[in-house]
Amino acid sequence: MTGTSHLIRAPRLSDVAEYAYAAEVVPPARLIFTAGACPLDAEGRTVAPGDPAAQARQVMANLETALAAAGAGLADVVKTTVYVASGDRTDLVSVWQVVRDAFGDHDPPSTLLGVAVLGYPDQLVEVEAVAAVRAEPAPDPGRDNPVAGGGRPL
């Protein structure tokens, strides 16, 4: 973690879950909310139809790419929601293992759901995340923006 969040353990709850039960974001922090990362390749095609674990690997790669574009990484994630289009718990477990492995020692709170259908043809997996990174100081509007600092009312 980057010092902007703390994962919270709940000793009175079961330790069977492979994630923290809560997370706290500590100011000054900037929150990043991702859309659901999907198992799409660069051309927008669903990868690995019928293979939830392979789709989960693509999803996590896409999630990392989206987070990087926002200046964050998996270690900055404070919450995930994992959707698996299946009623079979073995599919949910196989997807969960891929997601957990991607996070390594960082185990943010997460919700794992089996759902009826997801948005793209042959899509079985989707993961959305909330991340927190250290907030940069706000720019001085009069310093870099001559209109804002030029004595004219905004």
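## Basis

Contact here means heavy atoms within 4.5 Å. This is a predicted model, in which local features need pLDDT of at least 70, side-chain atom pairs count only at pLDDT 80 or more, and totals for chains, interfaces and linings use all residues. Residues are numbered from 1 along each chain as its sequence is written, and side-chain values use heavy atoms, with hydrogens and water left out.

Helices (H or I, at least four residues) and strands (E, at least two) are DSSP runs numbered from the N terminus. Two strands pair if DSSP finds at least two bridges between them.

## Sheet

The open sheet has four strands in the order β3-β6-β4-β5, with mixed pairing. Its edges are β3 (29-33) and β5 (110-114), each of which pairs on one side only. From one strand to the next the twist averages 10 degrees; axes are lines fitted to C-alpha atoms, for helices over the stretch in contact, and angles run from 0 to 180 degrees between N-to-C directions.

β3 and β6 (residues 125-134) run antiparallel and are joined by five bridges. Opposite L31 stands A132 in β6.

## Helices

Helix α1 (residues 52-69) packs on the sheet and touches β3, β4 (77-84) and β6; its direction makes about 30 degrees with that of β6. Helix α2 (residues 89-103) also packs on the sheet, touching β4, β5 and β6, and its direction makes about 155 degrees with that of β4.

## Core

A nonpolar core is a set of buried (under 20% relative accessible area, 1.4 Å probe, protein chains only) Ala, Val, Leu, Ile, Met, Phe, Trp, Tyr and Cys residues joined through side-chain atoms within 4.5 Å. The largest one holds 27 residues, of which L63, L67, V99 and V127 touch the most other members. Two or more residues come from each of α1, β4, α2 and β6.

Apart from neighbours within four places in sequence, V99 is in contact with M60, V82 and V127.

Note on methods: Buried means under 20% relative accessible area, exposed over 50%, partly exposed in between (1.4 Å probe, protein chains only).
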